[in-house]
Amino acid sequence: MLVTRPEPGAAETARRVAALGFQPILAPALVLAPRAFAPVPAQALLLTSRAAARAVPVSDARVLAVGEATAEEARARGFARVEAAAGDAAALADHAAARLDPAAGPLLLAVGEGYGAELAADLRGRGFRVLRRIAYAARPAATLPAEAVAALQKDGAVVAVLFFSPRSAGCAISLLKASGLGAAAAGLEALAISPRVAEAAARAISPFAWRAVRVAGRPDQDALLALLGPG
């Protein structure tokens with residue numbers, strides 16, 4: 001099972017994949033690095049990912065997290081007032097609109113570099129002032145790990161690949177192609193955390209095609225790993 005999630009989340013996913021009876025092979029498509037983040041006064045801090053939760057300084061801010069995993073990360077870091085939306089950007093915007101007042105002050109949106117513009121636009125369309133700030137950068141990995149290359153070169157050794165975001169899917173597939181392994185992907189199942197990720201994976205693999213593409217029932221890791229069955 002190829003795990004394309006960036007570290008430190010990749011190691012956690014690998015442990016869960018192993019617990020289901022599969023052999024995880026780590027192939028993070030992105031490398032994350034925190035950026036200097038200066039909090040500003042706001043009625044709430046919006047966190048779009050666990051990486052964002054790890055990158056921002058802990059404060060007494062009210063936190064709205066994109067999903068329960070990000071909320072758990074924020075609580076573990078020391079944030080005390082944390083609420084979880086239903087798992088994606090649209091749900092986070094709905095959650096904010098239902099619980100916050102545009103007249104009560106701006107929203108501080110902590111995102112990765114290159115992310116969050118659509119969410120910010122959605123919230124602004126609902127009357128909120130949004131301060132979008134970069135909490136971390138994600139750059140493409142330079143190469144596939146040697147273990148991943150070796151496994152992909154063996155017929156049947158890898159049966160599926162897990163994709164967690166459109167960008168990581170695109171970067172992972174670029175690494176596959178650069179290693180001369182694009183055709184090998186035709187024998188794999190692509191397991192995507194959301195329909196948008198599935199579309200990105202299908203588009204990026206062209207002119208090849210996945211053996212199958214399956215999409216999690218909810219945009220979270222639990223639902224994605226549920227696609228693996230009992231192992």
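**Close-up views of a predicted model**

**View 1. Strand 5 beside strand 6.** Strand 5 (residues 62-65) and strand 6 run parallel and are joined by four bridges. The model shown here and in the following views is a predicted one. Within this pairing, L64 has E83 of strand 6 opposite to it. Helix 4 packs on the sheet at this place, where it touches strand 4, strand 5 and strand 6, and its direction makes about 145° with that of strand 5.

View 2. The strands follow the order 3-8-7-4-5-6, and their pairing is mixed. The edge positions are taken by strand 3 (30-34) and strand 6 (81-84); each has a single partner strand, so one side of each is left without a neighbour in the sheet. From one strand to the next, the twist averages 25°. In general, the strands of a sheet pair through backbone hydrogen bonds, in either a parallel or an antiparallel manner.

View 3. Strand 7 (residues 107-112) is mostly covered, with six of its six residues buried. L107, L109 and V111 point one way from the strand, whereas L108, A110 and G112 point the other way; all are buried. Strand 7 runs parallel to strand 4 (residues 44-47), to which four bridges join it. It also runs parallel to strand 8 (residues 130-140), and here the two strands are joined by six bridges. L108 takes part in both pairings: L108 is the bridge partner of L45, and L131 in strand 8 is the bridge partner of L108.

**View 4. Contact of helix 4 with helix 5.** The axes of helix 4 (residues 89-99) and helix 5 (residues 117-125) come within 10 Å and cross at roughly 30°. Angles under 35 degrees count as roughly parallel, and the two helices are therefore roughly parallel to each other. Their crossing is right-handed. On the side of helix 4, the residues in contact are A89, L92, A93 and A96, and these meet L119, D122 and L123 in helix 5. Sorted by class, this contact contains six nonpolar residues, no polar residues and one charged residue. Helix 5 also lies across strand 4, strand 7 and strand 8, and runs at about 165° to strand 8.

View 5. Two bridges connect strand 1 with strand 2 in the parallel sense, and V3 stands opposite L26 in strand 2.

**View 6. Packing of helix 7 with helix 8.** Helix 7 (residues 166-178) packs with helix 8 at an angle of about 20°, and the two axes are 8 Å apart. This angle makes helix 7 roughly parallel to helix 8. The crossing of the two helices is right-handed. Helix 7 contributes P166, A169, G170, I173 and K177 to the contact, and helix 8 contributes R196, V197, A200, A201, A204 and I205. By class, eight nonpolar, one polar and two charged residues make up the contact.

**View 7. Two cis peptide bonds, E7 to P8 and S206 to P207.** As a general rule, most peptide bonds are trans. The bond that joins E7 and P8 is cis, with omega about 5°, and P8 lies in the loop between strand 1 (2-3) and helix 1 (9-19). The bond from S206 to P207 is likewise cis, with omega near 15°. P207 belongs to the loop between helix 8 (195-205) and strand 11 (212-215).

**View 8. K154 in a loop.** K154 is found between helix 6 (146-152) and strand 9 (160-163). Its relative accessibility is 56%, and K154 therefore counts as exposed, the cut-off for this class being over 50%. A184 is 30 residues away from K154 along the chain, and the C-alpha atoms of the two residues are separated by 9.2 Å.

Technical notes:
Residues are numbered from 1 along each chain as its sequence is written. This is a predicted model: local features need pLDDT of at least 70, side-chain atom pairs count only at pLDDT 80 or more; totals for chains, interfaces and linings use all residues. Side-chain values use heavy atoms; hydrogens and water are left out. Axes are lines fitted to C-alpha atoms, for helices over the stretch in contact, and angles run from 0 to 180 degrees between N-to-C directions. Angles under 35 degrees count as roughly parallel, over 145 as roughly antiparallel, 65 to 115 as roughly perpendicular and the rest as oblique. A crossing is left-handed if the near helix is turned anticlockwise from the far one by less than a right angle, and right-handed if clockwise. Contact means heavy atoms within 4.5 Å. Ala, Val, Leu, Ile, Met, Phe, Trp, Tyr, Cys and Pro count as nonpolar, Asp, Glu, Lys and Arg as charged, and the others, Gly among them, as polar. Buried means under 20% relative accessible area, exposed over 50%, partly exposed in between (1.4 Å probe, protein chains only). Two strands pair if DSSP finds at least two bridges between them.
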